[in-house]
Amino acid sequence: MKMYLVLLSALWSSALMAHEIHIDTDTLKKNLGQSSSRAIFSDKHRKIPPESLAVPSVVTGGRFNENHINRAIAEWSLRQVNDSLRLIDDPWVNEQILTMSAQMNAQVRTQALFALPIIHDDNINAFAVPGGLIGINTGTILSSETMDEVAGVLAHEIAHLSQRHYEQRQDEKGKLMALQLGGLLAAVLASSVSGDLATTALIGSQTATAESMATHSRDHEREADRIGMQIMSQAGYDARAMAVFFGKLYKQVAHLQKDAFIPSFVQSHPLTAERLSDATSRASQYPVMSMIAKNNHAKMFDKLSWRLKYLTKQASMTDLKNASSHSLGAKLAWINALSDDGNTKQALQLLQTGDFERTDPLVCITHAHVLAKQGDHTQAVAVLKSCHALYPERRDLRLHLASELAQVGQTALALSLVTPLTNQNNHDRQAWRITQQIHEKSTTNHTSSAIYALHARSQVELWSGQYQGALQSNAQAIKLAKQHPNLGLLSMLESSKQAMIQAKDYKP
Ligand SMILES: [Zn+2]
C-alpha cells in the first residue's frame, strides 16, 4: 500500500524540488579520488559586486495565513517522514545538527526551525519544506569532510526557506507548489524504500512542466547559494566550504552525464558549471576562518562523524579501535560499541584513561551509557545530573536523564524534565515516547498514569502518521477518564482527538 502511494504521488507530481541533492555516495567517494579531466569551472569567473556580501535583512515572516498554511504543511511532512523513513533518533546527534542550523536560521528568519529529521540513508540528500522542516541524510554528513561542509548544505536549505522560494512558485504557478511538495516527499520516501523504485518514480515524474521551470529554479539555486554563504559566515562557519562540497557533488553529476542510464532528475538538476563558478568566486571573497574556529569545528566534526558511523554500524570494532589512537570521537564511539558488546569493564577503563573533558555532554552521555549497560542506573543518573546542571536547556541531556530517572523510580523528576519538551514542541516524538515509558513505570495513582501513558502513546502514533492507532489509544484514554471523572483531563483528551482527526484528513 505504501509503495503504491509513493508511486502514485510521484507520478502525480510535476517535478523533483529543484534544489534537492540526491547522489549515490559510493560513486561519489570513488570519484573523489580521481582528478576530473573535465574543466568544471570552465566559464570565466563572473565579477561579483562587493555589496552582494552585505548582511541580508531578517525576513519578518509573511502573512499570518501563509504562516498558518506552511505550519500545516511542515506538520504533515514530518508525519510522512516519520512514518516512512528510518531516522537517527540519537538525541546528541540531533542536538548538534539542530543547534548548528538554529544559529544559521536566526541570521535570516524570525521563526524557529520546525523540525530537523536526520534520515538514515547513505545517499547524499537534503531538502526543505515550507514551515521550517529540513531533512538531511546521514550520507550527506558522512560524505562531508568538515563541519562547515555540513553547515553549507543546511545553510542552502535555510536560504530556500528565508527567500520564500516555495511561496513564490505558488504565486506564479497556482497549485504547483503543493504538487511539487508531493513529488519531493515521494522521491525522498521512494529513495529509501528501494533504489530501483526511486529511479522509476523519478523518471515517471519528469514532465514538460519540470523543464519549463528549470530556469526559474536555477535562479533560486544561485540565490540560495548566495544567501546561504552569508548566513554561514555570519554564524561563524566557513562560507568557502559550501562551494567545496557542491564542487564535489558536481564532479559526480559530471561523471553521471557520461552514463547512458542517468536518472532524468540528474540531467535537470540545476547544479551547473555556471552556478558552481559563481559560488566559488563568491566564496573566495569571504575571510579565511581563524585557527581557533577551525580547530573547534574539527573537534565537533570528529565526534559527530564517528558517532554516526557507530550508530549506522559503518565502523567495525577494529576501525574504532584503530582510529581511537588519534581521534577522541572514535574513542568515544569505541567505548559505546564495547559496552553494547557487554565489555563494560574495558569501556570504563578507556573512559578513565582517556583525555576526556568530564563536562562535555557527549562524554557524560557515553559514560552513562556504559553504566546503564552495567545495570548501574543510580550512577548513570549521577553522571547525567552533573552534566545537566551545567547545560539545563539541552534536550539530549534531559531525555537521557529522564530515561535513567525512570529506571530508578524517580518518575516525578523524570516528568519535570520531559514535559517542557512536549509543551514546547508537541511534535517531539521521542520526548512523547519517554513520557509514555515514565508513566508506565509510575507506581502512584494507577488510573491517571494509565491515562497519561495512553495519551503519550497516542501522540507517538500521531506523529508517526499512524492515525488509526492514535485515535484508538485516545479512545481508550477517554474511556478510562470517563470512569474516573476528571474534567480537565477529559477536555484535554477531547481536543487532542479533534487535532488527530484534522491531521488524518489533512491534504497539502
Ligand atoms: Zn537548492
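Here are some questions and answers about a predicted model, each setting a value against the cut-off behind the term.

Q: What makes the arrangement around the zinc ion irregular?
A: The 4 donor atoms subtend angles of 53 to 131° at the zinc ion.

Q: How do you know which atoms are the protein donors of the zinc ion?
A: The cut-off for this metal is 2.8 Å. His156 (NE2), His160 (NE2), Glu221 (OE) and Glu221 (OE) lie 2.0 to 2.5 Å from the zinc ion, so they qualify as donors. Along the chain they follow the spacing H-x3-H-x60-E.

Q: Why are His156 and His160 about one helical turn apart?
A: Both sit in helix H6, and because they are 4 residues apart there, about one helical turn separates them. His156 and His160 are also both buried.

Q: How do you know that Cys364 and Cys387 form a disulfide?
A: The S to S distance is 2.3 Å, and the cut-off is within 2.5 Å, so the pair counts. A search of the whole structure turns up 1 disulfide. Cys364 belongs to helix H19 (residues 361-373) and Cys387 to helix H20 (residues 377-390), so the bond ties together parts that are 23 residues apart in sequence.

Q: Why is the disulfide of Cys364 and Cys387 called right-handed?
A: Its torsion about the S-S bond is about 80°, so it is right-handed.

Q: What is the phi of Arg164, and what is that of Lys313?
A: For Arg164, phi is near 55°, a positive value in a residue other than glycine. Lys313 likewise has a positive phi near 55°. Most residues other than glycine have a negative phi. Arg164 is in the loop between helix H6 (147-162) and helix H7 (165-173), while Lys313 is in the loop between helix H15 (291-311) and helix H16 (317-323).

Q: How do you know that S2 pairs with strand S3?
A: Pairing takes at least two bridges, and 4 bridges join S2 to S3 (residues 133-137), so the two strands pair. They run antiparallel, with Val129 opposite Leu133 in S3. In their hairpin, which has 3 residues between the strands, Gly131 takes a positive phi near 100°.

Q: What makes both faces of strand S2 covered?
A: Ala126 and Ala128 are buried on one side of S2 (residues 126-129), and Phe127 and Val129 are buried on the other. Side chains in a regular strand alternate between the two faces of the sheet.

Q: Which residues have the most contacts inside the largest nonpolar core?
A: They are Ile97, Met100, Met104, Ile136, Ile141 and Leu154, in a core of 92 residues. H6 gives the largest share of this core, 9 residues. Leaving aside residues up to four places away in sequence, Met100 touches Met147, Val150, Ala151, Leu154 and Tyr237. Apart from that core lies another, of 18 residues, including Leu78, Val81, Ile119 and Val129.

Definitions and conventions:
Residues are numbered from 1 along each chain as its sequence is written. This is a predicted model: local features need pLDDT of at least 70, side-chain atom pairs count only at pLDDT 80 or more; totals for chains, interfaces and linings use all residues. Side-chain values use heavy atoms; hydrogens and water are left out. Buried means under 20% relative accessible area, exposed over 50%, partly exposed in between (1.4 Å probe, protein chains only). A nonpolar core is a set of buried Ala, Val, Leu, Ile, Met, Phe, Trp, Tyr and Cys residues joined through side-chain atoms within 4.5 Å. Contact means heavy atoms within 4.5 Å. Donors are N, O and S atoms within 2.8 Å of the metal (3.2 Å for Na, K and Ca); water is not among the atoms, so sites may look incomplete. Four donors count as tetrahedral if all angles lie between 85 and 135 degrees; four count as square planar and six as octahedral if opposite donors are over 155 degrees apart and all others between 65 and 115; anything else is irregular.
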